[in-house]
Amino acid sequence: METLTTPLIEEYCEAHTSPEGELLYQLFRDTHLHTVKPRMLSGQLQGRFLSMVSRLVRPVHALEIGTYTGYS
């Protein structure tokens, strides 16, 4: 699988990102325990990025298709 970032960039992002809340942690854990392909889960960094983009853009409406297990 091709990686778009380096380990240093990922470490920086993780160090400067808010920790995930208890509910998101439980969704992450349950997904990894009970699904066949848990890698499809958005995860904390992607979720925080999507949250930041939506706050910057301030959309009137948002449509999410295919929420998988509900994390994103």
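From the N terminus onward, the elements of the chain follow the order α-α-α, which amounts to three helices and zero strands, where helices (H or I, at least four residues) and strands (E, at least two) are DSSP runs numbered from the N terminus. This is a predicted model, in which local features need pLDDT of at least 70 and side-chain atom pairs count only at pLDDT 80 or more, while totals for chains, interfaces and linings use all residues. Residues are numbered from 1 along each chain as its sequence is written, and side-chain values use heavy atoms, with hydrogens and water left out.

**Confidence**

- The mean pLDDT of the chain is 86, and 94% of its residues reach 70 or more, pLDDT being the predictor's confidence in each residue, from 0 to 100.
- Confidence in the chain is lowest in α3, with a mean of 89, and highest in α2, with a mean of 91.
- Where pLDDT is low, the predicted coordinates should not be read in detail.

**Overall dimensions and burial**

- The C-alpha trace of the chain spans about 35 × 30 × 25 Å along its principal axes.
- Of the 72 residues in the chain, 8% are buried, on a scale where buried means under 20% relative accessible area, exposed means over 50% and partly exposed lies in between (1.4 Å probe, protein chains only).
- The chain exposes about 6,400 Å², of which carbon and sulfur atoms supply 60%; accessible areas come from the Shrake-Rupley method with a 1.4 Å probe, and for residues only the protein chains shown count as cover.
- Among contacts in the chain with a separation of 6 or more, 80% are accounted for by residues 24 or more positions apart, contact meaning heavy atoms within 4.5 Å.

**Helix α2 and Thr-31**

- Thr-31 has its place in helix α2, which covers residues 22–34, and it counts as buried because its relative accessibility is 2%.
- Leaving aside neighbours within four places in sequence, Thr-31 is in contact with Pro-38, Leu-41, Tyr-68 and Thr-69.

- The 14 residues of α3 should span 20 Å at 1.5 Å a residue, and the end C-alpha atoms of α3 are 20 Å apart, which agrees; the expected span of a helix is 1.5 Å times one less than its number of residues.
- Leu-50 is placed in helix α3, residues 44–57, and counts as partly exposed because its relative accessibility is 45%.
- Phe-49, Leu-50, Met-52, Val-53, Leu-56 and Val-57 form a nonpolar patch on the surface, with about 590 Å² of accessible area together.
- Patches are made of residues with over 30% relative accessible area and no salt bridge, like charges being joined within 9 Å and nonpolar side chains (Val, Leu, Ile, Met, Phe, Trp, Tyr) within 5 Å, where a salt bridge is a side-chain nitrogen of Lys or Arg within 4 Å of a carboxyl oxygen of Asp or Glu.
- Gln-46 also lies in helix α3 and is partly exposed, with a relative accessible area of 46%; the C-alpha atoms of Gln-46 and Tyr-71, 25 residues apart along the chain, are separated by 10.0 Å.

**The segment after α3**

- Arg-58, which lies in the segment after α3, has a positive phi of about 55° although it is not a glycine.
- Most residues other than glycine have a negative phi.
- Arg-58 counts as exposed because its relative accessibility is 68%.
- Glu-64 lies in the segment after α3 and is partly exposed, with a relative accessible area of 43%.
- Glu-64 and Thr-35 are 29 residues apart in sequence and 20 Å apart in space, C-alpha to C-alpha.
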